[in-house]
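Let's take a walk through this structure together, beginning with a single residue and widening the view from there. Please have the sequence and the 3D view open side by side.

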Amino acid sequence: MLVNQFLLLGAILFCIGVYGVLARRNAVLVLMSIELILNSVNINLVAFGTMWHVTDPGNVSGQVFALFVIAIAAAEVGVGLAIVLLIYRNRQSIAIDDVDLMKG
Amino acid sequence: MIPNILDSAWLVPAIMAASFLLILFFGKRLGTRATAGIGITAVSIALVLSVCVAGQWINRVNNPPTGAKLAADVIASNGLTPQTGRNILGEVIATTSESGETVAAGAGIRATSGESAMSGASSAAAVAEQAASEGSATEGEHGGEHGGEHESVPPIVHATTWFTVAGINFEVGTLVDGLAAMMLITVCIISLLVHIYSTEYLHGDIRFTHYYAFLSLFTASMLFYVLSSNTLQMLVGWELVGVCSFGLIGHWWEEKKNTDAALKAFLTNRVGDMGLIIGVVITFFAAGATSFNVLHINEYALGGQANTALLLVGALCLFGGVTSKSGQFPLHTWLPDAMAGPTPVSALIHAATMVVAGVYLIARLYAVFFTGLGIGSSSLHYVAFIGGFTTIIGGLLAFVQTDLKKVLAYSTISQLGYMVMALGVGAWTAGVFHLFTHAFFKACLFLGAGSVSHACHHTFDMREMGGLRKKMPITHATFLVATLALAGIFPLAGFWSKDEILAGANAGQQQAYTLMLIFGLITAFLTAAYMGRAYWMTFWGEYRGHAHPHESPKVITVPLIILSVCAVLFGFTNFPKSFFGLQLPGGVTTRFEHYVEPTFAFPPLQHAEFTPWLAVVSTILAAGGLFLAYQYYERNRGPHGLTQRSTVARAGYTFLENKYYLDVLYTDIIAADTKGPLARASYWFNMNVLDGVVNGLGTGARKIAGFVYRDIDQLVLDGIVNGSGSVSEKSGQILRHVQTGRVQQYAAILFAGAVVLAGVFVFVI
Amino acid sequence: MKDFLNSWGLSLAVFLPLVGAVVMLLIPKAREGSHKVIALATSLVVAFIGVLLLANFDYDRSGTLQFVVDKAWIPLINSRYIVGMDGISLPLIALTLLVVPLCIIYSWNHFPEPRNPKAFLILILILETGMIGSFISQDLILFFVFFEVVLLPMYFLIGVWGGEKRQYASLKFFLYTLFGSALMIVSFLALYFLSDKVDVGGTMMHTFDMRLLPELATGISTGAALWIFGGMFMGFGIKVPMFPFHTWLPDAHTQAPTVGSVILAAVLLKLGTYGFIRIAIPILPHAAEKWAPFIGLLAVIGIIYGALCCLAQTDMKRLIAFSSVSHMGFVMLAIASLTSFGMSAAIFGMVAHGLITGMLFFVAGSTKDRFHTLDIARLGGMLKQMPHMGWILGLSVMASLGLPGLAGFWGEFPAILSAYNPGGDLSVAFFRVLMVVAALGTVLAAAYLLWLYQRVGFGVPSAEFEDDPHIHDVSFTEWVAWTPMLILIVVLGVYPNLIFKVTDGAVGNIVSALSGHGG
């Protein structure tokens with residue numbers, strides 16, 4: 001079985017995600033882009049996991065890892081959205097450029 | 001049987017001490033009458049006891065202890081080391097067997113002798129037995145008396161341990177002999193009369209109670225001193241009488257003049273006490289460093305092995321104490337100032353008793369002076385000379401005084417000089433006899449002066465008196481008797497004692513004291529002259545004051561009468577053996593000498609016989625003095641106004657008026673410089689040098705610390721610390737710009753980094 | 001009872017004051033009454049224990065230590081908790097036990113600004129622990145600890161409750177004494193390392209045990225011994241204080257609160273002289289012999305010099321402070337004579353000086369309370385305004401100038417006597433010169449004290465204070481605090497055997513090592 005197409009899909013999703021994280025000003029979109037990145041990684045993990053299944057049938061590390069990532073991602077989105085919500089409440093904006101209190 | 005008061009003589013001072021405590025604690029509450037009552041009662045009891053002491057002593061001399069009892073007495077009373085005990089015992093037995101006493105075997109000795117003397121006693125017992133077998137037949141009780149000597153009668157000594165340090169036994173005890181008994185009687189009589197006299201004289205005084213408390217304390221201390229069995233105890237009594245004197249001179253302490261006088265008296269005495277303290281220490285060590293016992297020290301001084309040089313130093317140091325206490329030149333200056341105290345006090349303390357403490361000291365430790373100064377052998381020596389010199393300078397000063405009390409004060413100095421001179425020339429009995437007679441007539445004079453002043457608005461200025469003989473007949477009569485006694489007119493007390501001194505100086509030891517004889521004769525003249533001056537100025541002529549003098553009440557006059565009677569009679573107590581050919585029976589003549597002069601631990605003295613030509617010369621001189629004074633002051637004849645006309649006379653007068661400038665030397669130079677420049681210099685030294693060093697060390701330490709802090713700690717060490725801090729800060733300033741706060745920028749950099757890393761992984765590795 | 005005292009008596013006497021202080025710490029500051037009662041009760045209980053100890057003391061064996069407790073303390077360096085009492089320390093312990101309650105009674109209504117009885121009394125109790133501890137320690141390190149414990153409370157007493165220049169004075173006191181202690185501890189350590197070892201449970205170790213050191217230290221070379229003695233001389237000499245190390249004393253005394261001055265004069269100065277008698281001389285007798293002429297010389301200079309400085313004073317308290325320098329000179333002269341007689345004289349002198357000078361400071365303090373000044377020129381007529389106080393001052397002055405019949409004399413006269421015939425190989429001629437000069441000191445003492453009394457006691461009150469309603473005669477608490485001291489001054493003067501009897505058996509050990517020590 002070839003994993004190339006899966007890897008390619010993952011890379012495309014990853015690039016879209018990176019673009020979203022770096023270029024969008026809307027914090028919700030940034031969060032969504034992060035989701036994309038994480039999912040691209042999940043695709044890779046599952047693809048490699050299936051590939052290893054051929055030689056080592058008992059090994060499901062890739063799939064298990066992917067499940068972990070999904071759970072973390074859910075938590076991350078939960079916290080992230082809560083922060084966004086608070087920022088919005090305080091500033092009536094979710095533009096990520098405006099949030100630069102940590103500026104040195 | 002009368003209880004043996006000789007053995008409990010301590011009661012005499014104890015009664016006075018009890019009186020002091022009573023007055024001190026209850027006097028204020030009991031009121032003045034009761035206070036005076038307590039004092040008078042106590043002194044009366046003390047006087048009765050003293051008379052008993054004297055009586056029993058006379059009895060003891062008449063019936064001297066013999067043999068074993070004598071030896072036991074000596075051993076038990078001295079309670080010395082076995083070594084000394086043996087020596088004394090040997091001597092006693094030797095003397096008694098010489099004088100023909102039967103010395104019994106020493107059976108009784110062991111029973112009575114003290115533990116410390118055990119070995120001495122037992123070994124002495126053998127000596128005693130031997131002596132007994134050798135002793136010749138008895139010669140009768142007064143056998144030896146005809147030669148002026150009689151049996152050796154040891155004093156009665158009772159001592160108990162006060163404390164023991166490093167093997168040295170400090171004792172406290174009583175020593176009763178003729179000298180002590182004589183002093184007891186003198187002190188008690190005068191003290192009693194002064195107690196009585198003061199009830200009127202200090203009537204209504206603000207410090208009546210204090211006054212009586214001090215009188216009691218003084219009497220107690222004086223009696224304690226007189227009865228002392230050892231030198232340390234004498235030192236204690238000596239200082240205590242000094243304090244009482246201080247308190248009584250400063251009785252009216254509101255006025256600075258009085259407190260100055262009190263201070264001067266105490267401090268001058270302290271200067272002398274320094275000598276006394278050292279003298280006590282030296283005699284203690286000189287006599288083997290085992291005991292302060294007077295007899296022990298005397299015994300040692302008479303023993304062959306005495307270190308004469310050390311005794312000389314000791315005697316001179318002791319004489320330092322005598323110089324101040326007994327007003328000898330050059331420490332006599334406090335005595336006239338001490339007249340600032342109430343007059344009865346002057347009579348008691350500064351004429352009759354305390355000031356003779358010094359004379360008493362010499363008399364008590366006579367062996368030390370005798371051996372140390374070589375009284376028996378040398379010619380002129382310090383003590384005799386100072387005594388003689390003091391008589392003259394005191395007598396001269398009395399002439400320029402206008403204050404009646406000061407005349408008497410200088411007279412006292414002069415007479416004390418007489419006593420010291422007598423002791424100095426070896427006329428022990430004469431000196432002590434003069435002490436005895438002088439006490440009464442001088443007290444009489446002082447109390448008479450007090451009576452006069454009591455009548456004349458409390459002034460003592462003779463220029464404001466005069467003509468008092470009619471207004472105060474009793475005072476006048478007693479004053480006259482005392483004046484004549486002091487001048488030495490036959491047959492009053494002063495005649496006998498003064499004459500004995502002159503005879504002693506004349507006979508001297510190998511005619512060595514001719515200078516003293518000249519001093520004495522000059523003084524005899526001076527005394528009569530200045531006393532005549534005082535007498536005529538006070539009692540004759542017209543009254544010059546502004547008061548209304550009247551005779552004093554009985555409380556004052558009766559003591560005066562008693563004292564004047566004493567002044568008449570007491571001279572006969574030592575009636576010479578041969579008086580212009582008159583030879584009275586032996587039981588009447590020289591009684592004073594017989595009973596008072598010690599026969600135990602006492603140097604061998606020659607006794608000068610009555611010298612007719614001296615008696616005549618001195619009487620002529622005295623009469624001449626009185627006559628000249630009469631002519632000059634009463635008749636207004638003679639070179640009046642000499643001081644205005646002659647420069648020499650004026651200079652002499654000024655010199656006398658300024659008291660030989662000794663007060664200037666002491667007060668203005670020595671004292672002022674000590675408490676002025678010297679004290680300030682010391683303090684300056686303390687504050688600037690010593691404290692300066694300390695503060696300088698402090699400042700130096702602070703400076704060094706400042707340097708260390710600023711230049712090392714702050715600059716270098718802290719510089720490193722701070723430097724590291726500021727470097728971080730500066731770099732932070734630069735780097736802060738990297739932190740934009742933009743999450744996306746961070747993410748971009750993150751990704752860029754990841755890309756670079758990926759590149760590195762892929763292409764480089 | 002006896003067993004209990006044997007094992008616990010001394011330790012109780014030392015540490016009970018600390019317990020009292022801890023209890024007081026727990027009580028709020030505002031409850032002044034409880035503080036006073038607790039402090040007084042503590043000191044009285046301690047004094048009672050002291051009385052029991054005195055009653056059970058075997059006076060026939062005053063030369064041997066009694067009530068000895070010997071327990072391991074710091075095994076590493078073989079420093080032990082050894083306490084004991086003999087005829088040398090007994091009078092001083094008794095003095096301490098007497099003075100502390102009297103000081104507390106005196107303070108009852110007299111707390112100096114800024115009041116705060118709690119802190120004040122706690123400090124005094126700590127002081128008591130330190131003082132008693134110093135007198136009973138038989139181990140050098142233990143002694144040193146107590147010696148230093150004394151320092152701090154006194155520093156605070158002066159620094160907090162003192163006069164205007166209190167900070168300067170307290171610091172000077174602290175640093176000066178500490179400087180001496182530093183040299184002293186070096187000497188102790190040198191002694192420790194240079195002396196022979198003892199067998200401790202099978203191993204050979206050096207020891208700080210004062211009882212053993214006199215024998216163990218015989219092997220120390222002369223040079224080293226001289227240096228060691230020198231260090232101790234500095235430590236003790238500063239505390240005494242000896243000329244020229246005395247300059248902390250007038251400042252400390254002048255600035256200290258009354259009670260501080262009293263304790264300082266009565267007990268603290270004695271730590272120095274006690275150190276000489278207990279430690280320096282018995283352990284290094286031959287070094288002491290070399291140092292003695294020097295000590296004697298300084299002592300005599302101190303006598304004269306202190307007296308002269310007294311004459312220059314305008315402040316009553318400062319004058320009394322300088323008189324301490326002079327009087328302690330007599331004590332040091334007696335010690336320098338190196339005779340057992342001199343040692344007895346010195347101990348008597350210490351107690352007498354403690355009582356008399358303490359009394360003088362009490363009177364000075366009460367004078368200051370009433371007149372708010374101690375300027376001698378402004379005082380006067382005390383006898384008229386406050387007769388009792390005037391008489392008490394008079395008695396104290398007389399005692400201080402060494403009047404026979406009062407305690408001061410038995411400190412002075414025996415000191416002079418002992419200098420006539422010094423012990424060991426000391427130069428007799430030199431000491432006799434010292435004796436004469438010391439005797440001159442008695443004249444000066446009379447001069448400055450009587451002059452003081454003339455200006456303060458005699459005369460009439462100045463217009464300034466004539467009608468001052470604050471000026472009243474001796475108050476009740478003052479009577480209570482002073483009477484025992486006055487009685488003792490008289491009793492010791494009349495019957496000096498009370499102290500000589502105790503010391504006589506004990507002092508022999510001090511100089512026994514010297515050849516031919518005199519009587």
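Helices here are DSSP runs of H or I with at least four residues, strands are runs of E with at least two, and both are numbered from the N terminus. This is a predicted model, in which local features need pLDDT of at least 70 and side-chain atom pairs count only at pLDDT 80 or more, while totals for chains, interfaces and linings use all residues. Residues are numbered from 1 along each chain as its sequence is written, chains are lettered from A and ligands numbered from 1 in the order in which they are written, and side-chain values use heavy atoms, with hydrogens and water left out.

Is C:Arg318 buried or exposed? With a relative accessible area of 10%, C:Arg318 is buried; the term means under 20% relative accessible area, while exposed means over 50% and partly exposed lies in between, using a 1.4 Å probe and protein chains only. Leaving aside neighbours within four places in sequence, C:Arg318 is in contact (heavy atoms within 4.5 Å) with C:Pro250, C:Asp251, C:Thr254 and C:Gln313, and also with B:Tyr683 and B:Met687 from chain B.

Those last two partners lead us to the chain pairs. Of the two pairs of chains in contact, chains B and C share the most contacts. The contact takes 50 residues from chain B and 58 residues from chain C. Between them, chain B and chain C bury about 4800 Å², with 76% of it on carbon and sulfur atoms; buried area is the accessible area (1.4 Å probe) that two parts lose on being put together, summed over both. One salt bridge is counted between chain B and chain C, a term for a side-chain nitrogen of Lys or Arg within 4 Å of a carboxyl oxygen of Asp or Glu. Here the side chains of B:Glu254 and C:Lys384 meet, at 2.8 Å from N to O. Helix H10(B) gives the most to the side of chain B that touches chain C, with 16 residues. By class, that side of chain B has 35 nonpolar, seven polar and eight charged residues. In this scheme Ala, Val, Leu, Ile, Met, Phe, Trp, Tyr, Cys and Pro count as nonpolar, Asp, Glu, Lys and Arg as charged, and the others, Gly among them, as polar.

Now for chain A. The contact between chain B and chain A takes 10 residues from chain B and 16 residues from chain A, and the area buried is about 1000 Å², of which carbon and sulfur atoms give 59%. In chain B, the residues that lose the most area to chain A are B:Gln739, B:Gln744 and B:Phe751, together 54% of what that side buries. The count between chain B and chain A is zero salt bridges. No contact joins chain A and chain C, whose closest C-alpha atoms lie 50 Å apart.

Chain B itself comes to 30 helices and two strands, and 57% of its 765 residues count as buried. Among contacts in chain B between residues at least 6 apart in sequence, 79% join residues at least 24 apart.

Next, the nonpolar cores, which are sets of buried Ala, Val, Leu, Ile, Met, Phe, Trp, Tyr and Cys residues joined through side-chain atoms within 4.5 Å. The largest has 447 residues, of which C:Phe229, C:Phe276 and C:Trp482 touch the most other members. Helix H14 of chain C, residues 340-371, gives the most to this core, with 18 residues. Not counting residues up to four places away in sequence, C:Trp482 touches residues including C:Tyr106, C:Met359, C:Phe362 and C:Val474.

Finally, some backbone details. Most residues other than glycine have a negative phi, and most peptide bonds are trans. The peptide bond from B:Phe329 to B:Pro330 is cis, with omega near 5 degrees, and the bond from C:Phe243 to C:Pro244 is cis with omega near 0 degrees. C:Asn78 has a positive phi of about 55 degrees although it is not a glycine. This residue sits in the loop between strand E1 (66-74) and strand E2 (79-85) of chain C, and C:Asn78 is buried, with a relative accessible area of 5%. A:Gln92, in the segment after helix H3 (61-91) of chain A, has phi near 55 degrees, and at 57% relative accessibility A:Gln92 counts as exposed.
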